[in-house]
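Student: Hi! Could you walk me through this structure while I have it open?
Tutor: Happy to, just ask as you go.

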Amino acid sequence: MFDNLFNSYNFRSPNFRRKMYILAQGISRYNISKKAVLNETICFPKISEQKQIGKLIKLMNSLLSLQQRKLELENKLKKQIAFYLYSFTLTPNFKHIEVKNKKLGDIVDISNGIMGDSQKKSGNFKLTRIETISNGKIDLSRTGYIDQVSDEKKFLEVGDILYSNINSLTHIGKNAIVKEKHLPLVHGINLFRLHITNNQITPNYLHGLLNLPKYKWWVKSHANPAVNQASINKTELSSLVIKYPDLDIQNQINNINYSVAQYWDIQYSKKESLCQLKQFLLQNLFI
């Protein structure tokens, strides 16, 4: 006897797919003959065990779906909180705040990175590339490498912001902030480096500001479109006018943002753990 729920997961398990891959034939397109599939031997446990395994995987899928839904809702909440924070309407204390207006070019130094082999797998120093900030954070597993750096200024510093100035229109304007744990890290080409030169604004506040929808929209509307990608130059980006309050208010907003981000990261880690557990179960429960 066979349990339908067990079978549905069994046929999607890594071990079964590996068997089908071995049976596949072809050069540019692969196919598996009906005869080969029917002749393949598959091991099944007792029906009682099949039912338990099927229920377990179904439970894992339910937990994953719930966690994904929770992340989606919390992501919306995070964006809403950011909107209220940066429009200074979240608490009564933020009303009637004096706000300064400055062009981005008057607040930061915008610079290009250096050439290097973005596909290099090893070297003396990690080198940023577009993919390094693809998820909105600096991912050190997605860098190139460089052996020598002639200009010491090309080493990134804590608080620098990496900004995607050449990308698809959807992703242009994506940015990430450099933290101590990322260093040493070399600034590679195809990402702007925003280095704050004005002591009236904090890196974390500027980072949060640049991720607001209105600033993302501004960058997209001022970018130069091309066939597969868009770009924005330093002069254009420097003209972006941003608003910011005094340092005390900025730090209050930074602290709230930090707490929200920490909670979101915990929930994301739970989802990753569930995914890993599901893969482990699929790998080891279906032989």
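Student: Great. Is this model predicted or experimental, then?
Tutor: This is a predicted model.

Student: How many helices and strands does the protein chain have?
Tutor: There are 8 helices and 12 strands in the protein chain.

Student: And what share of the residues counts as buried?
Tutor: The protein chain has 287 residues, and 37% of them count as buried. As for contacts between residues at least 6 apart in sequence, 76% join residues at least 24 apart.

Student: Now the helices. At what angle do the axes of α4 and α8 cross?
Tutor: Helix α4, residues 47–86, and helix α8, residues 247–285, have axes that cross at roughly 165°. Those axes come within 10 Å.

Student: So are they roughly parallel or roughly antiparallel?
Tutor: Angles over 145 degrees count as roughly antiparallel, so α4 is roughly antiparallel to α8.

Student: Left-handed or right-handed crossing?
Tutor: The crossing of α4 past α8 is left-handed.

Student: How do the residues of that contact divide into nonpolar, polar and charged?
Tutor: In the contact of α4 with α8, 22 residues are nonpolar, 6 are polar and 6 are charged.

Student: Switching topic: in what order do the strands of the open sheet with β6 run?
Tutor: That open sheet has 3 strands in the order β6-β11-β10, with antiparallel pairing. The edge strands are β6 (166–167) and β10 (224–225), each of which pairs on one side only.

Student: How many bridges are there between β10 and β11?
Tutor: Strand β11, residues 230–231, pairs with β10 over 2 bridges, in the antiparallel sense.

Student: And which residue in β11 does Pro 225 stand opposite?
Tutor: Pro 225 has Ala 230 of β11 opposite.

Student: On to the loops. Which residues does the cis peptide bond at Pro 184 join?
Tutor: The cis peptide bond joins Leu 183 and Pro 184, with omega about 0°. Pro 184 is in the loop between β7 (175–177) and β8 (185–186).

Student: What is the phi of Asn 190?
Tutor: Asn 190 has a positive phi, about 75°, although it is not a glycine. You'll find Asn 190 in the loop between β8 and β9 (192–196).

How values were computed: Residues are numbered from 1 along each chain as its sequence is written. This is a predicted model: local features need pLDDT of at least 70, side-chain atom pairs count only at pLDDT 80 or more; totals for chains, interfaces and linings use all residues. Side-chain values use heavy atoms; hydrogens and water are left out. Axes are lines fitted to C-alpha atoms, for helices over the stretch in contact, and angles run from 0 to 180 degrees between N-to-C directions. Helices (H or I, at least four residues) and strands (E, at least two) are DSSP runs, numbered from the N terminus. Angles under 35 degrees count as roughly parallel, over 145 as roughly antiparallel, 65 to 115 as roughly perpendicular and the rest as oblique. A crossing is left-handed if the near helix is turned anticlockwise from the far one by less than a right angle, and right-handed if clockwise. Ala, Val, Leu, Ile, Met, Phe, Trp, Tyr, Cys and Pro count as nonpolar, Asp, Glu, Lys and Arg as charged, and the others, Gly among them, as polar. Two strands pair if DSSP finds at least two bridges between them. Buried means under 20% relative accessible area, exposed over 50%, partly exposed in between (1.4 Å probe, protein chains only). Contact means heavy atoms within 4.5 Å.
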